[in-house]
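Open the model in your viewer and keep the selection tool at hand. We will go from one stop to the next.

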Amino acid sequence: MNSLDFSIVLQAWPYLWSGLLFSLALTAVAFVVGMILGTCFALLQHFEVPVIGKVVRGYIALIRSIPLILVLFWFFFLVPIVLGHLAGNGRPIPIGATWTAFITFGLFEAAYYSEIIRVGLRAVNRGQFEACQALALSTFETYRSVILPQVLRVASPIILSQTIILFQDTSLVYVLSLTDLLGAASKLAQLNGRLVEMYLVVVVVYLAISSAASQGVALLRKRYAIAGARR
Amino acid sequence: MVQEIAVNEMSRCQAIVAVEGLVKRFGHFTALNDINLSVTTGEKIVLCGPSGSGKSTLIRCINHIEKHDAGRIVVDGVELTDRMADINSVRREVGMVFQSFNLFPHLSVVENCMLAPMKVRGLSRAEAHERAIGVLRKVRIHDQATKYPGQLSGGQQQRVAIARALCMQPKIMLFDEPTSALDPEMVKEVLDTMVELARDGMTMVCVTHEMGFAREIADRVVFMDRGAIVEEADPETFFRAPSTERARDFLGQIIH
Ligand SMILES: Nc1ncnc2c1ncn2[C@@H]1O[C@H](COP(=O)(O)OP(=O)(O)OP(=O)(O)O)[C@@H](O)[C@H]1O
Ligand SMILES: [Mg+2]
């Protein structure tokens, strides 16, 4: 058996780096899209908006019950067809793997974030709503300035945990032939035959990023625990 | 001068809150049955009665946190209907203090006091801040302005809640058992604040069983039982010689 040779990693680093950047970009976009959409989804259910609320509920139940990899496949085939129909001529409009990845991850994460926020909304004390009413705050201001900031605060550790999972899940884009960190490493590994070194490096990078984020989760938990201790 | 006094006289006699034939049900249960109550400007009313008699429900109807089923509620010339515009114009003039404070835990003390004046009254940040500090100084808690509610004692939190309501410059203040969630040693600081507010001429409706407070500031004690107003009298008369059996029973219980 050959001894480990990490000089290969240095050579490969630029390619790995571009893979890592893609993973991070995908995580960031999916986070932003997912949080915005997820908050909207949660509010639509919270207000029990007729029809739309139910549709959203069904969508979330569906997305949460199937594996992400399957969702990726479906969106890759489905979105072009839907776009084609919307455009009116019925011919599929291919959107490319990158767009598929960003859209799918955003929509997929929205379902998970939405559940976190929905549960958080239900946990807000009724007195908070009453205080807002007594101060004549509009419904919009009540949610924007009082309710949602509290929900996001309470839910922030869980949201961050979910985002760590999301970051790890970005490796699934290999099914779309996209190259994330893991994809980059495995391609190189096949070229240079240095499987162990390549996969070790990937482990170290994932570990570093995820554990840094976990520290963040712990910090958020602690901080929130102190702020809420005497209530 | 004479004219001014006359105007003051008039506004003093005018009812700022008029409740007529108020009925409130929760499902089949009638929580309030044919309540009639009017509050004149500057008047201080203490509402008391046994648990479940409908005191909270009554004052919560006055700012439409509970929606009434029948009867009329007119506050400062505006009748409470289902129209959000009416409801909000009433709520702007009516401050409320809750038993459990209900401060916003994610905002500092001064931000708690600034939010509604900015969002509802349209004050600038600087104006709202100045007003908030002024009111916090009045309730003697301005040195805690940058702290968060979770860092304060119960009595301090309740005084902040009073300040938050006052920053809207309401014409009337509603209190729902403001001291009953407090440790005994903190009751006084909150009652003192309320007494000062009363001396400043605020119109107040207070649900409370603090008899000393009632004696000191109430113009009228309103005794409720089972969803109805059973007795109304000035505090001396009410506490010394209540005219109904139910009020006697009730007073007998709270004295012990
Ligand atoms: N949201 C509600 N749903 C159903 N019943 C309610 C509701 N709110 C109040 N009630 C009932 O209405 C009655 C009056 O309640 P209310 O809270 O006004 O009493 P209270 O006089 O304030 O009592 P306490 O001294 O315990 O605060 C009670 O029997 C109570 O159970
Ligand atoms: Mg009550």
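**Stop 1: a bridge between chains**

Select B:Arg60 and A:Glu130. Their side chains meet in a salt bridge, with N and O 2.8 Å apart. Keep in mind that this is a predicted model. How many salt bridges are there between chain A and chain B? The count is 1.

**Stop 2: the chain A side**

Stay on chain A and select the helices. Helix H5 (126–134) and helix H6 (139–169) each give two or more residues to the side of chain A that touches chain B. Which of chain A's elements gives the largest share of that side? Colour H5(A): the largest share, 8 residues, comes from there. Now colour this side of chain A by residue type. You will find 9 nonpolar, 5 polar and 7 charged residues.

**Stop 3: the whole contact**

Show both chains together. The contact takes 21 residues from chain A and 24 residues from chain B. Look for polar pairs across the interface of chain A and chain B. The rule finds 4 residue pairs in polar contact there, both residues at pLDDT 80 or more. The size of an interface is often given as the accessible area lost when the parts come together. Chain A and chain B bury about 2000 Å² between them. Of that area, 60% is on carbon and sulfur atoms.

**Stop 4: ligand 1**

Move to ligand 1 and select the residues around it. They belong to chain B, and among them are B:Phe26, B:Phe29, B:Ala31, B:Pro50, B:Thr57 and B:Glu177. B:Ser51, B:Gly52, B:Ser53, B:Gly54, B:Lys55 and B:Ser56 are also around the ligand. By type, the shell around ligand 1 divides into 4 nonpolar, 6 polar and 2 charged residues.

**Stop 5: oxygen atoms of the ligand**

Zoom in on B:Lys55. One of its polar side-chain atoms lies 2.8 Å from an oxygen atom of ligand 1. Then show the backbone. A polar backbone atom of B:Gly54 is 2.9 Å from an oxygen atom of ligand 1. At B:Ser53, a polar backbone atom is 3.2 Å from an oxygen atom of the ligand. How much of ligand 1 does the protein bury? Taken alone, ligand 1 exposes 630 Å², and the protein buries 61% of that.

**Stop 6: elements around the ligand**

Switch to the cartoon view of chain B. Strand E2 (29–40) and helix H2 (55–62) each give two or more residues to the shell around ligand 1. End on H2(B), the source of the largest share of that shell, 3 residues.

Methods: Residues are numbered from 1 along each chain as its sequence is written. Chains are lettered from A and ligands numbered from 1 in the order in which they are written. This is a predicted model: local features need pLDDT of at least 70, side-chain atom pairs count only at pLDDT 80 or more; totals for chains, interfaces and linings use all residues. Side-chain values use heavy atoms; hydrogens and water are left out. A residue is near a molecule or strand if one of its heavy atoms lies within 4 Å of it. A polar contact is a pair of N or O atoms within 3.5 Å; within protein, one must be able to donate a hydrogen and the other to accept it, and residues adjacent in sequence count only if both atoms are side-chain atoms. Accessible areas come from the Shrake-Rupley method with a 1.4 Å probe; for residues, only the protein chains shown count as cover. Helices (H or I, at least four residues) and strands (E, at least two) are DSSP runs, numbered from the N terminus. Ala, Val, Leu, Ile, Met, Phe, Trp, Tyr, Cys and Pro count as nonpolar, Asp, Glu, Lys and Arg as charged, and the others, Gly among them, as polar. Contact means heavy atoms within 4.5 Å. Buried area is the accessible area (1.4 Å probe) that two parts lose on being put together, summed over both. A salt bridge is a side-chain nitrogen of Lys or Arg within 4 Å of a carboxyl oxygen of Asp or Glu.
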